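Dear colleague,

Please find below the structure that I am handing over to you. My notes on it follow.

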Amino acid sequence: VDPAVLALDVPGAHPWMLFDAGELEALRARVLGAAPESVVGQAWAGLLARVDECCQGRSSAADALASFPERSVGRDDLLELGFAWRVTGDDAYLRKAKALLRYVAATAPDHGAPLEPGIDEWYIQRAHRLNGFALAYDVLHDGLAPEERALLLEVIVALGTQQFAHSFSAWWGTVSSGSNIGAVNAASLATAGLATWHDNPQARAWVLRGEHLTRAYFHEGFDPDGAGIEGVLYGNYGLRVPTFLNHALRRAGHPGIDRVGGVDHQEWVAYEVLPGGGAVNPINDARYHEFNPYFTAWSSTHGDTPELSRWILDEVMLKGPRARVDSSIPVILWYEESDPAFDPASMLPLAKAFQERGLVHVRSGWGGRDLMSSIEWRQEGGGEEVHHNHPPGGGQSLRQLAVEAGRARCRGDADVGVAGAQHADRRRPDPGLPRPGRPGLLRRR
């Protein structure tokens with residue numbers, strides 16, 4: 001653990017984890033002044049559409065009691081209402097948030113998460129809601145009356161106390177720190193602690209434990225060169241909640257888990273983008289068109305390789321037949337347009353081996369008509385659906401040999417055998433996109 005987190009500089013009257021009062025004017029100008037066709041403008045319109053439709057039949061304790069056990073609370077419903085209120089200054093959103101809060105408080109002890117204990121979703125859905133309620137506590141803080149703030153604090157304490165206990169007993173806090181589930185669970189505990197730093201006696205213990213486990217994910221969940229052991233889909237999903245935590249920690253004087261962890265995550269992600277954009281490498285339980293943009297959006301403004309992060313986000317989000325702007329708070333807060341003249345070749349070699357992952361990438365270039373080859377070797381351990389192909393212990397030497405073989409094959413040595421990812425794609429493949437498990441040169445049609 002890092003005892004320095006006990007001395008974080010969290011403002012006394014208001015935690016201000018995403019932005020503070022002095023930054024509101026610039027934030028409003030960025031969002032409300034964005035052109036409708038711009039990425040920020042489209043993301044904002046999408047968020048407003050959600051909050052305008054939110055919460056039908058979810059505005060009182062009576063609604064919650066009447067809907068048991070099907071009661072529903074979205075991960076970020078309360079947070080997004082609070083964010084809309086902050087940006088627009090429209091008290092209609094604040095009133096709607098207060099009505100939803102009464103519903104949320106009456107859904108104890110699960111607050112919209114699964115009722116059945118002992119399953120992975122039982123933990124992670126609590127984590128998403130804990131993180132959403134914690135950030136809502138921050139964003140809505142001075143808009144709530146003391147009794148309303150106490151009500152939301154009670155919700156956070158109930159979920160946070162559960163999560164803190166699970167962090168010492170469940171597999172994600174004791175057996176392995178390399179799973180995206182553990183990262184989301186741990187980071188939510190720490191964001192809850194930061195949000196309630198001055199109002200909750202347990203807060204510092206939550207931050208200490210949550211930061212420790214999240215930092216462990218940055219070590220165990222990625223190889224030393226930054227490749228996620230669960231593939232590009234879950235390697236980015238695992239950073240969804242840690243992105244909020246990382247930003248809040250930096251604002252409180254912490255150097256940032258991204259730097260403490262020492263992971264060159266964005267460099268790896270760039271290799272996973274298929275030529276032409278619009279899709280990512282399907283090797284290792286990934287899906288062509290699913291990509292969580294939170295950490296990449298944050299990195300485009302606050303990371304150590306902003307130009308590369310901007311290129312990644314525009315390539316994945318804005319190109320291809322399924323181009324779609326993600327209407328999330330991180331995109332609204334942190335997205336920056338890429339430089340059309342930027343070429344990843346200015347930073348990255350055309351071939352790179354991620355040796356502990358057992359993965360090698362080779363490209364002819366970074367343009368839409370360039371070629372790409374991705375080869376991964378690992379020792380199979382229970383099928384593709386088990387922990388998103390976590391490599392089992394004892395397989396490192398085999399993966400290392402395969403990476404060397406992959407290098408040889410890519411040099412044209414046809415006599416060297418190469419095995420690619422052997423799991424079958426159980427989903428129907430997208431026409432025109434390469435099937436996972438078939439090593440070779442891949443070109444988007």
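**Findings**

Strand β1 (residues 351-354) contains Phe354; helices (H or I, at least four residues) and strands (E, at least two) are DSSP runs, numbered from the N terminus. The model is a predicted one, in which local features need pLDDT of at least 70 and side-chain atom pairs count only at pLDDT 80 or more, while totals for chains, interfaces and linings use all residues. Residues are numbered from 1 along each chain as its sequence is written, and side-chain values use heavy atoms, with hydrogens and water left out.

With a relative accessible area of 0%, Phe354 is buried (under 20% relative accessible area; exposed is over 50%, partly exposed in between; 1.4 Å probe, protein chains only). Not counting residues up to four places away in sequence, Phe354 touches Asp223, Asp225, Ala227, Trp268, Tyr271, Leu359 and His361, where contact means heavy atoms within 4.5 Å. Asp225 is 129 residues from Phe354 in sequence, yet their C-alpha atoms are 6.1 Å apart.

Leaving aside neighbours within four places in sequence, Trp44 is in contact with Val31, Leu32, Phe83, Ala84, Val87, Thr88 and Ile332. In soluble globular proteins, nonpolar side chains tend to be buried together.

Yours sincerely
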